[in-house]
Amino acid sequence: MATTTSASLCDEDSDFVVDFFDTFDNDELGEVWAITEGNELGQLRDTWGTSDNVVVEDGKLELWSRREESHGYSFTSAALTTKDNRSWRPPFKACVKAQLPGSGVDGQMDGIWPAHWLMPQNQSCWPDLGEIDIMEQIDGQKEIYGTYHWNPNSTACSNHHDQAQSFVDVSDALNTYHEYGVHVEANYIDFYVDNKKVGRVDSSTVGDKLETHPQLDPTTAWYMILNTAVSNKTVWGEPVNDNTAFPVV
């Protein structure tokens with residue numbers, strides 16, 4: 001995964017070797033990444049994904065979102081994944097160094113939902129084998145969320161989920177690069193910002209709204225998704241509106 005050149009959660013050590021590292025230095029995506037073309041609800045929400053919004057230059061990957069009509073949608077955005085190309089089984093660490101979109105002006109990022117996350121390679125129905133959100137941010141806010149989702153009952157493909165979540169304020173997330181990471185073991189998931197642990201989910205995690213303890217599958221292989229979703233519904237945070245400032249990158 002793309003990591004910072006300073007001390008990183010994903011630096012090689014006696015227990016871990018670097019399996020994949022992308023600094024986007026070649027001004028084009030490597031073969032590990034696949035761009036999501038069209039609409040994939042979990043990655044893009046109420047927008048159309050297009051390769052035109054994926055830009056690699058000067059050692060940076062940029063995911064653009066625009067207010068423009070395309071295929072019946074009022075917005076376009078971008079998402080890319082390593083699905084079918086690269087995935088990882090516990091134990092592993094995954095890190096992304098990113099500067100998040102936003103102007104710092106209240107209301108200008110309403111409906112904008114960047115995320116770095118992991119999904120099961122053999123996923124048939126969400127969230128039967130779980131979902132690991134390394135980093136989520138909504139509406140340009142300084143709160144950064146790390147979340148694990150799972151199916152709390154024995155009914156497959158129920159589209160019903162529990163979640164355990166940690167969050168931390170990163171006051172300069174909009175104008176400074178930070179590393180967001182996870183350490184995934186067979187029986188726990190730790191969430192990190194700049195190599196500092198900010199939360200843990202394990203089988204003993206409790207919460208007022210949890211129907212079950214987190215269910216972790218040690219055999220699941222996980223692939224990575226990087227995306228910026230645009231939401232015009234109140235799913236989480238504010239919907240996109242006339243005050244949302246496009247383009248977003």
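## Close-up views of the chain

**View 1. Asn-195 stands in the loop between β12 and β13 (196–202).** Asn-195 counts as partly exposed because its relative accessibility is 31% (buried means under 20% relative accessible area, exposed over 50% and partly exposed in between, with a 1.4 Å probe and protein chains only). The model is predicted: local features need pLDDT of at least 70 and side-chain atom pairs count only at pLDDT 80 or more, while totals for chains, interfaces and linings use all residues. Residues are numbered from 1 along each chain as its sequence is written, and side-chain values use heavy atoms, without hydrogens and water. The backbone of Asn-195 deserves a careful look, for its phi is near 65°, a positive value in a residue other than glycine.

**View 2. Asp-139 is in the loop between β8 and β9.** Here too the residue is not a glycine, and yet the phi of Asp-139 is positive, at about 60°. Most residues other than glycine have a negative phi. Is Asp-139 buried or exposed? With a relative accessibility of 10%, Asp-139 counts as buried.

View 3. Most peptide bonds are trans.

**View 4. Ser-231 is shown in the segment after β14.** Ser-231 counts as buried, because its relative accessibility is 2%. Which residues touch Ser-231, once those up to four places away in sequence are not counted? They are Arg-45, Asp-46, Gly-111, Trp-113, Glu-238, Pro-239 and Val-240, where a contact means heavy atoms within 4.5 Å.

**View 5. Gln-163 is part of strand β10 (residues 162–169).** At 33% relative accessibility, Gln-163 counts as partly exposed. If its neighbours within four places in sequence are left aside, Gln-163 is in contact with Thr-147, Tyr-148, His-149, Trp-150 and Leu-210. Along the chain Gln-163 and Ile-132 are 31 residues apart, and their C-alpha atoms are separated by 9.8 Å.

**View 6. The largest nonpolar core of the chain has 36 residues.** Such a core is a set of buried Ala, Val, Leu, Ile, Met, Phe, Trp, Tyr and Cys residues joined through side-chain atoms within 4.5 Å. Leu-100, Leu-118, Ile-132, Tyr-180, Val-182 and Met-224 have the most contacts inside this core. Among the elements that give two or more residues to it are β3 (54–57), β8 (131–136), β9 (143–150) and β14 (222–230), while β6 gives the most, with 4 residues. Apart from this core lies another, of 7 residues, including Phe-75, Met-109, Val-240 and Val-248. In soluble globular proteins, nonpolar side chains tend to be buried together.

View 7. The C-alpha atoms fill a box of roughly 45 × 40 × 35 Å, taken along the principal axes, and 48% of the 249 residues count as buried. Of the contacts in the chain with a separation of 6 or more, 65% are between residues 24 or more positions apart.
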